[in-house]
Structure formats: structure tokens, C-alpha cells
Amino acid sequence: MNSKNENIKKLVISKPLKLDCGKTINNFPLAYETYGKLNENKDNAVLVFHALTGDQFVAGTNPITNKEGWWVTAVGPGKAIDTNKYFVICANVIGGCMGSLGPRDLNPETKQPYGLDFPVITIKDMVRAQETLLEYLGIKKLLCATGGSMGGMQLLQFCATFPDKTFSAIPIACSSSHSAQNIALNELARQAIMADPVWDKGKYFLKNVQPKNGLAVARMVGHISYLSEKGMQEKFGRKLQEKADYEFSFNADFQVESYLRHQGYAFVERFDANSVLYISRAMDYFDLSKQFKGGLVEAFKTQKTKFLIISFSSDWLYTTKENKDIVIALNSSGADVSFSEIITDKGHDSFLLHVPEFLKTLKSFIDSMHDKFKNEKRI
Amino acid sequence: MKKEFKVIAELIPNNTRVLDVGCGDGSLMNLLEKEKNIEVRGLELNQDNVQQCIHKGLPVIQGNAETELHQFPNQSFDYVVLSQTLQAFYNPEKVLKELLRIGKSVIISIPNFGYWKVRTKLLFFGKMPVTKTLPNTWYNTPNLHMCTIKDLFNFCDEKNINIKKVVGVNEDHTSLIKRSNLEIKNLFSKLGIFLIG
């Protein structure tokens, strides 16, 4: 977890960015990665927004963790978002910990890492920073922008704030505002981190340690919410972890316990606890209708973008109902919108997994949009 | 291309906005978009059909027309098309009301239960009719509310719904249906296409 790694591309944004909280940041780094090549007509750029614990390394191998990129199921040569054909861009959100300005970076005023002195950021702040990256890359209009979960929320914000920056958009398994249940689960994750004595009001960096136990529990909460009841039952049931019978102890007897512990402690190796606090907070504050006086319909009023909203039947974190509310708002504002609910037991995680119906839908849409965008550019 | 879709396409002027309820694989939407520069939207329940529409670059919303028409604002389309599904709804009257709320005009096609072959099957064989346009048997048919062209005619009159045009279709042959020729056309049309609203 070394964000100074030479494998991280960074754009230093000198233009001051006034945040929603009132503070201003300037000369801040935005880390990003690109895949494929931008063609001459510049009609093949696809922007991907990442989710809470994601980063800019969408495809191939993540050079920092040496693991697969987080969306290899969908992005890469010959994949649904084919990098032989499309130029894929993804940036690490501000507040994150993969090279973009975050709470681990040095505060120029104190010459110490920010910790909790880092300004509270919003989804809109993240999106505005990324728009600067598009400017830098010389892309006036994207072919498509997409993202799941918090990535989808960023995308909705992006379309509302910059109505003419993308020809098409695919928000996946997301919501136009965080529900009480979403906030509650995020609060649970934050409380787990803050209850770890190592966290020390966010100043753990002074001792060069991480609140590992709290952060691992926070990740476990997340993981439960990404699966479905049925999917979990089918995957783990009551199966025991490499043993014939109960141990009559509090060790991980059940496979599901072992899985959660593994996920929790693996996460600690690649993520910063304060980043989880800041990014989850940004998600909780997200409410697109609150930003626009006439509500969600008003937010999409000037839309020319062609939308495809995708939800998953077993997702209880960002339900089909919440996704359909976005469709209804887009319909009411007269926007061009498609919607598909993919039937699967894999829960919220479906967008990251090999779900053939989903990947087929994604590919069909992007390819058909590319044909339309090329025609529009020609005219 | 089905004769039915050709007739429907002829009823709709160029450069309008059309919602196709139960749009299937998007054949009609494709025709309307390509040949008449019509801004189309589809509503479709079946996942494979939705997939095919998306593949063709046609905007489609996956959903159930019986319960999800409320999402479309009042008078937001010039035409709303409902092809051969009115009879399959639990509450066709309610759906029809919704269609008239959403569209300035509505085009409905129905398989005609008054077609002579249908009548003779029931009359001479005493069995529920199975024909090319009504291929299912009584126990697995999705058609809950079969009606005739005459029935829909009378229904519109009763509910004060303005009938603008009715076309009868039999194979490749089409004809205009009016009150004056209703009895005979009701006997010889396989399909009735109503332009109302």
C-alpha cells in the first residue's frame, strides 16, 4: 500500500476546487489509469467510476496489490467493455488511498498527515475533480460513463452536473440518495473503526499503524450486505471450515466465519481506515433530489444522455425499487432511458462477478451506443 | 415484417414520439425509428426481448404494463401502441385508461374472437378455438379476456372513447371498419386495429 509507487499515474490539479463543505483544495493529486487507446475521432472514451473500496485499477493486474483489477469480469481485451475497441479511464476518488488526495496525505499547514483534519468530501466533489481529468485528457464528450454502487451514484451526479459530457450512461445497482438502511450500515462500519483503540481519533498514522481489527469488522459488515441471503446459504450453508465437528470455541468453525475473517483482514492490507470514514460519509450525504429544488426530475431536466439503468433482483442494498425510481425520474423528464433487472442470486456484488446476462446487456448497450455516437459525430 | 406492424406504422405520422407497450424484440420500434424518424420507447417484461432491444440500440424499460404504466407522465407520447396484449391483462379496462392518459392517441390491436373460424370451432366442435392467431389451448392461454372487434367497438362507445379509425386485417388484406360494415368485418377479420383517443 504505497501510494508513492511509480506505477501510479497522477494529475496534479492546480485549479482550486471549492468543496461542498466550504473548504477549498488546490494543487492536489488525482490518480488515474487508462486502458486501450483513444482513437482519432475521440469517440471511444469510456469513463468508469469506482465504488467505496475500489481504485483506478479496473482491468488487468493491479500493480500495487498484484491482484486482478476490480472489474476484470467486465473490462479488458475482448470483454464487455472491450479495451481493444474502447479507451477506458478510471480515477481514484478524492478521499481515497490509491494516490488521489486523501486523509493519509500531508496537510501543507501542519506538515503532518491530515487524519481527521481532511475536509469532509461529497460525491459531487469527487465528480468535479474527475471532470478536470477529462479536460486534461482532451475528451470533450465521452462515449459512455458507467459505474456500480457508489460508482453509479457518482455517475448520476456527473450527468446532473455536466449534462452534455457523455453520450450514454450506465448506472448500475445504485440509488439517487442513500436510504436509512444504507446510512445505518455505513455507520456500523464507521463505528467499528472508531471503536478500535488503535484508531486514536484518526491519528494512528503518527505511530505508523492501522486500526486493523476495526477496519476488518467494517469490511465484514460490507461483505454481508453485498451478498444475498440465498446466495450466502448456497455458498456456505452450515458447512464447517476444515473440521469434522464443532470445536466448542469461538474460532472460525463455520465456513462463512472464515470467509468473513479472510475478507476483513485482506482488506486491511490495501485500504486506509480514515478513507473508509470519509468515502462512506460522502455516500451518506448523497441526495441528488436535495441538490435540485424540483427534485430528481429537475436534476435530469436538460439530459441528452442515453441511459441504461441496471439492477439485480437479489440486491437488498440498492434495490430494484430504488433503481426504478431513477428510471421514473428520467422518464418524467423525457430523457432517453432503458432499464433492465438482471435475475440473479448473487446480490449487490453481481456487478463485479461473472453474471452472463449482465455482461451481455452491458456489451450490447455500449456497442450499439458506439454505432450511434459515431453517426452523430459524422453528422 | 408482419402486416399488422405495417398497418400500425401507416397510422403514425413521421417525427412523433411513440411508446410501444409490450414491445417484444423491438421489431415495430425498429421500423418506426428507421423509416419514420420516430422517437420510440418500449416497455417489455421478457428478459430476452429486453436484451434484443438493447442490442438494437432501442430504448426499452423492463417492466410489467399491468402495474408499471404509472411511471409515464400524462400525455407524454403522441401515440401509445399496444399490440395483441389487451386481452391478456387482469384488468384491461384499467390498462386502457392508463394508455389514454399517457398517449394523445392510442393504437390497440386485438385478435378477433368474432372471426368466422373461431366461431365455427366453438359452434360445430364445441371446443375452445385454437387458430393461428390464437395458438394456445384453454388451460395454458395467456388470454384472460378475449373479445371481438364488435365488443371493443361497443366498449369504446360506452366509455365515450373517441374511435378515430379501425382497420381489419385478414392475412395480407386490410379494410376499414365502420359501424355500417361492422357485422360483416367482425366475421372476416382475424385482427382488429383500433386508433382511439
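Select A:Glu357. With 18 C-beta neighbours inside 10 Å, this residue counts as partly exposed, because the scale calls a residue buried at 20 or more other C-beta atoms within 10 Å of its own, exposed at 12 or fewer, and partly exposed in between, with C-beta atoms placed from the backbone. This is a predicted model: local features need pLDDT of at least 70, side-chain atom pairs count only at pLDDT 80 or more, and totals for chains, interfaces and linings use all residues. Residues are numbered from 1 along each chain as its sequence is written, and chains are lettered from A and ligands numbered from 1 in the order in which they are written.

**Around A:Glu357**

A:Glu357 sits in helix α11 of chain A. Helices (H or I, at least four residues) and strands (E, at least two) are DSSP runs, numbered from the N terminus. Now show its contacts, meaning residues whose C-beta atoms, placed from the backbone, lie within 7 Å. Leave aside the neighbours within four places in sequence, and A:Glu357 is in contact with A:Ile342 and B:Gln47.

**The A–B contact**

Colour by chain. Here 21 residues of chain A are in contact with 14 residues of chain B. On the chain A side, α10 (320–332), β14 (336–342) and α11 (356–378) each supply at least two residues. Which element gives the most to that side? It is α11(A), with 9 residues.

**Chain A as a whole**

Chain A has 11 helices and 14 strands. Its radius of gyration is 20 Å, close to the 21 Å that the globule rule gives for 379 residues, so chain A is as compact as a globular protein of that length. The radius is taken over C-alpha atoms, and the rule is 2.2 Å times the number of residues to the power 0.38. Along the principal axes, the C-alpha atoms fill a box of roughly 70 × 50 × 40 Å. Buried residues make up 49% of the 379 residues in chain A. Of the chain A contacts with a separation of 6 or more, 70% are between residues 24 or more positions apart.

Two packed helices are described by the angle between their axes and the distance between the axes. Axes are lines fitted to C-alpha atoms, for helices over the stretch in contact, and angles run from 0 to 180 degrees between N-to-C directions.

Select α3(A) (residues 180–194) and α4(A) (residues 212–226). They pack at an angle of about 160°, with their axes 7 Å apart. That makes α3(A) roughly antiparallel to α4(A). Angles under 35 degrees count as roughly parallel, over 145 as roughly antiparallel, 65 to 115 as roughly perpendicular and the rest as oblique. α3(A) passes α4(A) in a right-handed crossing. A crossing is right-handed if the near helix is turned clockwise from the far one by less than a right angle, and left-handed if anticlockwise. Among the residues making the contact are A:Leu185 and A:Ala189 of α3(A), and A:Gly214 and A:Val221 of α4(A).

**Over to chain B**

The C-alpha trace spans about 50 × 35 × 30 Å along its principal axes. Buried residues make up 41% of chain B's 197 residues.

Select α1(B) (residues 3–11) and α2(B) (residues 27–36). Their axes come within 10 Å and cross at roughly 45°. That makes α1(B) oblique to α2(B). The crossing is right-handed. B:Phe5, B:Ile8 and B:Ala9 are the α1(B) residues that meet α2(B), where their partners include B:Leu28 and B:Leu31.

**Last stop: B:Val169**

Select β6(B) (residues 163–170). It pairs with β8(B) (residues 191–196) in the antiparallel sense over 6 bridges. Strands pair if DSSP finds at least two bridges between them. B:Val169 has B:Leu191 as its bridge partner in β8(B). In β7(B), B:Val169 stands opposite B:Thr174. β6(B) and β7(B) (residues 173–176) run antiparallel, joined by 4 bridges. Their hairpin has 2 residues between the strands, and B:Glu171 there takes a positive phi near 50°.

Methods:
Two residues are in contact if their C-beta atoms, placed from the backbone, lie within 7 Å.
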